[in-house]
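Reader: I am new to reading pockets in protein models. Please take me through this one in short steps.

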Amino acid sequence: MKKGKLVVFTGCSGVGKGTIMKELLKRNPRIKLSVSCTTRPPRPEDVDGVTYYFISKEDFKNKIEHDGFLEYASFCDNYYGTPKAPVDKMLKRGYDVFLEIEVDGGMQVMYKRPDCISIFVTPPSMEELERRLRGRGTEDEETIKKRMDRAVEEMRFEKFYKYSVLNDEVDKAASEILLILENEKKNF
Ligand code: 5GP
């Protein structure tokens with residue numbers, strides 16, 4: 001069986017990656033989303049083992065020492081990492097695996113797996129991004145400020161990604177991404 005494609009899927013916090021991802025999973029059964037480990041506390045909508053594996057800092061460190069992550073990074077005071085084994089297993093089974101990760105991790109994967117597809121999702125504007133972050137109503141003022149500062153920093157990494165997709169409409173962004181994937185698979 002032909003191996004699936006690894007997709008680095010990045011965009012600032014609040015840009016709507018999660019919503020696009022849901023649409024992609026709904027439209028294409030060959031796409032899988034990698035479930036990351038994190039040390040951040042769960043939000044009300046989070047489900048352990050589905051949205052993330054919520055683990056302690058100690059367990060996270062342990063997993064780093066045992067080379068359990070394809071990549072990992074610190075983001076706004078918490079650690080996030082992609083467990084390596086499940087990703088490789090899904091790729092081997094022919095699934096296209098999306099990593100919904102921030103820029104540090106994205107760069108690590110592009111370096112380690114040069115055959116990956118990298119996609120950066122952009123907001124219509126920074127004002128709209130802040131509006132969406134606030135609209136979520138899950139973060140306090142300090143966290144929103146940190147995430148907005150980080151978003152400005154992250155936008156500087158857009159140029160390292162092969163594709164940029166504007167998220168002004170979820171359906172449109174999802175269609176564009178499916179087309180990118182289809183074309184990449186045709187070429188390689
Ligand atoms: P959130 O706390 O909003 O769920 O995620 C914060 C940021 O961490 C988002 O940009 C998200 O894409 C990123 N992220 C989630 N999982 C991982 C991961 O496994 N590795 C890295 N590097 N970033 C991740």
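Reader: How much space lies in the largest pocket?

Author: This is a predicted model, where local features need pLDDT of at least 70, side-chain atom pairs count only at pLDDT 80 or more, and totals for chains, interfaces and linings use all residues. Residues are numbered from 1 along each chain as its sequence is written, and side-chain values use heavy atoms, with hydrogens and water left out. A pocket is an open set of points on a 1 Å grid over the protein atoms alone, where a 1.4 Å probe fits, with protein on both sides within 12 Å along at least five of seven lines. Its volume is the space filled by probe spheres set on the points, joined across faces, edges and corners. For the largest pocket, that is about 1,100 Å³.

Reader: Where does the ligand sit?

Author: A molecule sits in a pocket if more than half of its atoms lie within 2 Å of the pocket's grid points. By that test, the ligand's place is the largest pocket.

Reader: Which element gives the most to the lining of the largest pocket?

Author: Lining residues have an atom within 4 Å of a point. The largest pocket has 38 of them. Helices (H or I, at least four residues) and strands (E, at least two) are DSSP runs, numbered from the N terminus. With six residues, the top contributor is α1.

Reader: How far is a polar side-chain atom of Ser36 from an oxygen atom of the ligand?

Author: A polar contact is a pair of N or O atoms within 3.5 Å. Lys17 has a side-chain N or O atom 3.3 Å from a ligand oxygen. For Ser36, the distance is 2.6 Å.

Terms used. Polar contact = N/O pair within 3.5 Å; in protein donor to acceptor, adjacent residues only side chain to side chain.
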